[in-house]
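Subject: Model for your files

Hello,

The model we discussed is below. My notes on it follow; please read them alongside the coordinates.

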Amino acid sequence: MTLEYAIQDALGRSTRPLKAAEIARLIKPSAGRAATPKAVLAALESLASAGVLHQISAGTTSKPQPLFSSCSLEASAMALLKSWVHASKKEQKAAKLQAKLPFGLQSSFESALAQLHAEGALFVMPGGKRLVYARKPRPSEMLGAAQRRALQKTLDAVNGARSQPLSWDALIQWLDEESPPPPAASSAIIPGEAELRVWYELDRIRSSTMMIPIPRTFARYRDWAAERGGVADCQVLRNLLEALYNNGLLLLEPCERPQDLPDNERALLVPMSLGPPGYSWCWVS
């Protein structure tokens with residue numbers, strides 16, 4: 001294998017520009033004793049002069065260390081930028097990446113970065129200080145620890161006034177522009193006051209107080225609906241209890257810390273005229 005052929009083969013298999021010393025080490029097994037650093041450098045300069053390879057200015061004026069590549073200057077810049085960004089555990093500043101490129105590739109920086117972004121190999125966050133990511137970050141990943149704590153406090157506060165409490169996961173899905181999977185197609189069966197009285201009496205027998213937790217009533221409703229080939233809807237039960245409460249037919253016992261409840265139980269809380277929403281209920285005797 002000739003020295004020139006070995007050099008072109010090594011550069012053709014490389015994903016980035018290489019120094020003469022790196023190329024010499026790569027081709028030593030195939031080219032043998034002919035692959036001395038001096039001979040390899042001379043062959044590289046000859047191939048570059050003939051237009052077969054690109055010689056890229058690198059290093060410093062006092063200590064030049066040229067790089068060689070069989071690819072265009074833009075492709076060489078793309079290869080280096082991609083390898084640096086993907087090797088880093090965090091985003092990189094575009095200005096620092098440009099300064100890091102060899103002098104001979106810096107003029108190709110903008111076109112290389114734009115091409116990598118268009119191909120989806122990198123993501124460039126626009127702004128005054130452009131940041132470069134290995135992939136497009138999810139919007140929720142832009143939140144720092146302090147921002148997440150503040151957002152959780154805000155969510156806890158507004159959930160106290162929402163008819164349907166919003167979970168943290170649902171909020172993150174909204175931020176990330178992801179829609180939760182649609183519910184399975186089904187028909188909710190609507191109970192009436194008569195069914196509610198039957199369920200209340202069944203639970204009242206086993207209870208030490210007159211007040212029955214709404215989640216326990218919902219469990220009765222769910223079983224009743226399933227027996228009829230339908231499903232229970234927490235909003236249906238909540239609306240029924242709220243209407244009976246507003247008409248003075250039942251009493252509600254408030255939940256002092258609704259934020260401590262799981263999402264499925266918070267969804268059943270019934271708003272009261274004053275104070276926290278109701279968690280337990282009983283009939284007005």
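Cysteine 255 is buried, at a relative accessible area of 10%. Cysteine 234 is partly exposed, at 23%. Please keep in mind that this is a predicted model.

The structure holds zero disulfides. A disulfide requires two cysteine sulfur atoms within 2.5 Å. For cysteine 255, the closest cysteine sulfur is that of cysteine 234, and because the separation is 16 Å, it is too far for a bond. Taken from the other end, the sulfur of cysteine 234 has cysteine 255 as its closest cysteine partner, at that distance of 16 Å, which is again too far.

On to the packing. The largest nonpolar core has 25 residues. Leu196, Tyr221, Leu237, Leu241, Leu250 and Trp281 have the most contacts inside it. At least two residues of this core come from each of the helices α9 (193-206), α10 (214-227) and α11 (234-246), and likewise from each of the strands β8 (250-254) and β9 (278-283). The largest share belongs to α11, with six residues.

What does tyrosine 221 touch, leaving aside neighbours within four places in sequence? Its contacts are Ile189, Ile190, Pro191, Trp199, Val231, Ala232, Asp233, Val236 and Leu237. Of these, Leu237 is also listed among the core residues with the most contacts.

There is also a second, separate core, made of 20 residues. Leu67, Leu81, Phe109 and Ala121 are among them.

Regards

Conventions:
Residues are numbered from 1 along each chain as its sequence is written. This is a predicted model: local features need pLDDT of at least 70, side-chain atom pairs count only at pLDDT 80 or more; totals for chains, interfaces and linings use all residues. Side-chain values use heavy atoms; hydrogens and water are left out. Buried means under 20% relative accessible area, exposed over 50%, partly exposed in between (1.4 Å probe, protein chains only). A nonpolar core is a set of buried Ala, Val, Leu, Ile, Met, Phe, Trp, Tyr and Cys residues joined through side-chain atoms within 4.5 Å. Helices (H or I, at least four residues) and strands (E, at least two) are DSSP runs, numbered from the N terminus. Contact means heavy atoms within 4.5 Å.
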